[in-house]
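Please consult the sequence and the model shown here while reading.

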Amino acid sequence: MRAYAARIKSNLMNIIRALPVLILYFLAASFSHAALTPIGPLDFAGATVLDFSALADNTEANGLIVDGVLFQATKNGSSTNGVVIVDGGPGRTGNITQPNLVSLSDLNAIALIVSLPNLAIQFGYGYALNAAVSIPVATTITIELFAGSASVGSISFTGIPDPIFTGGYAGVASDTPFDRAVLTFSDVGDALRSIMWPLLRTEIRRKDRR
């Protein structure tokens, strides 16, 4: 009887240890098809605004933490320094004020990963590219849950002259809370590209919200 009871206790402990993993698995599976809605700056009333003004120009963005938000730059999926920095280029646009985050290299295969300190249901940023024409897929937001273990959707935005450099505002609302966003940009031109996060809303979703 003692051996049987010990086996039962051991099995229960194994189940308890596995519960968090199982819960994350089933949550990730259920959130695999989030409904994403494009939104604009006016939808971010009371949002957390990231401010890079305390940072020196040329500050490395890969590994940078601002107000609990972690930025990581990758090239072909690998963590890479020297491709995104804090800088003042290309200048003020309709949706960017300096200082901001700037890519000084070819945007091909470069992504900026933004890891949030808590769950969010809205996310947005102003951006500009080194172009002066309309670009249908100028920037894409892929949102992820549980530190990237499950992608819950992606949405792309058309850039237009803003007022000179191609850009605009990329904002998204999700019916599924998320904690990470992966940002990619159209690879146009060979000179300066600029990206910025002037508005970033990160709120914990209430338990009674459906």
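The model is predicted; local features need pLDDT of at least 70, side-chain atom pairs count only at pLDDT 80 or more, and totals for chains, interfaces and linings use all residues. Residues are numbered from 1 along each chain as its sequence is written, and side-chain values use heavy atoms, with hydrogens and water left out.

The predictor's confidence in each residue is given as pLDDT, from 0 to 100. For the protein chain its mean is 78, with 73% of the residues at 70 or more. Confidence is lowest in helix α1 (residues 2-30), where the mean is 46, and highest in strand β4 (residues 78-79), at 96. The pLDDT is also below 50 over residues 190-194, a stretch that has 25 contacts in the model beyond near neighbours in sequence; contact means heavy atoms within 4.5 Å. Where pLDDT is low, the predicted coordinates should not be read in detail.

The protein chain has one helix and 11 strands; helices (H or I, at least four residues) and strands (E, at least two) are DSSP runs, numbered from the N terminus. Of the contacts with a separation of 6 or more, 74% join residues 24 or more positions apart. Among the 210 residues of the chain, 44% are buried, where buried means under 20% relative accessible area, exposed over 50%, and partly exposed in between (1.4 Å probe, protein chains only).

Ser 115 lies in strand β7 (residues 110-129). Ser 115 is buried because its relative accessible area is 15%. Beyond four places in sequence, its contacts include Gly 68, Val 69, Asp 179 and Arg 180.

Rings of Phe, Tyr and Trp (its six-membered ring) pair if their centres lie within 6.5 Å; planes under 30 degrees apart count as stacked, over 60 as edge-to-face and the rest as tilted.

| Pair | Centre to centre | Angle between planes | Class |
|---|---|---|---|
| Phe 44 and Tyr 169 | 5.9 Å | 70 degrees | edge-to-face |
| Phe 123 and Tyr 125 | 5.9 Å | 65 degrees | edge-to-face |

Phe 44 lies in the loop between β1 (36-38) and β2 (65-66) and Tyr 169 in strand β10 (residues 166-185), so their pair ties together parts 125 residues apart in sequence. Both Phe 44 and Tyr 169 are buried. Phe 123 is buried, with a relative accessible area of 0%, and Tyr 125 is buried, with a value of 0%. Phe 123 and Tyr 125 belong to one aromatic cluster with Tyr 127 and Phe 185.
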